[in-house]
Amino acid sequence: QVQFVESGGGLVQPGESLRLSCAGSGFTFSAFVMEWYRQAPGKEREWVAAIISYGDQTMYADNVKGRFTISRDNAKNQVYLQMNNLKPEDTAVYYCNRGYVPGPWGQGTLVTVSS
């Protein structure tokens with residue numbers, strides 16, 4: 001079955017960096033667009049970034065553009081989110097999923113940005 005396992009979250013101070021990882025299984029990983037989403041406390045889940053199948057095109061939400069970088073390793077069935085210059089408003093649970101044909105949501109990984 002399709003499954004996503006996110007990791008790499010933690011507590012950081014504003015301006016610091018984190019790298020999130022997501023392992024996908026149960027499907028042909030390289031065939032799918034992969035996306036990152038996040039859900040802040042009390043808010044709806046929002047789209048953050050996407051990367052096409054072979055990684056040569058990426059897209060970002062305006063509020064993370066220039067600070068976040070999405071990448072993937074199809075050999076490892078993993079997608080990554082490098083987050084730099086983190087801000088308190090980036091605090092959220094981060095999830096990955098397939099584009100266009102999403103699978104069940106994983107547990108996510110919590111990112112807390114606070115001084």
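Mentor: The charged end of Arg98 sits over the ring of Phe32, 4.4 Å from the ring centre; this wording requires NZ of Lys or CZ of Arg within 6 Å of the ring centre and within 35 degrees of the ring normal. The charged end of Arg98 also sits over the ring of Phe27, at 5.0 Å from its centre. The model is a predicted one, in which local features need pLDDT of at least 70 and side-chain atom pairs count only at pLDDT 80 or more, while totals for chains, interfaces and linings use all residues. Residues are numbered from 1 along each chain as its sequence is written, and side-chain values use heavy atoms, with hydrogens and water left out.

Phe27 and Phe32 also pair with each other, edge-to-face, at 5.4 Å centre to centre and 90 degrees between the planes. Rings of Phe, Tyr and Trp (its six-membered ring) pair if their centres lie within 6.5 Å; planes under 30 degrees apart are stacked, over 60 edge-to-face, and the rest tilted. Ring pairs join Phe4, Phe27, Phe29 and Phe32 into a cluster. Phe27 is buried, at 13% relative accessible area (buried is under 20%, exposed over 50%, partly exposed in between, with a 1.4 Å probe and protein chains only).

The whole structure holds five aromatic pairs. Among them is that of Tyr95 and Trp105, which is edge-to-face because the ring centres lie 5.8 Å apart with the planes at 80 degrees. Tyr95 is buried, at 10% relative accessibility, whereas Trp105 is partly exposed at 36%.
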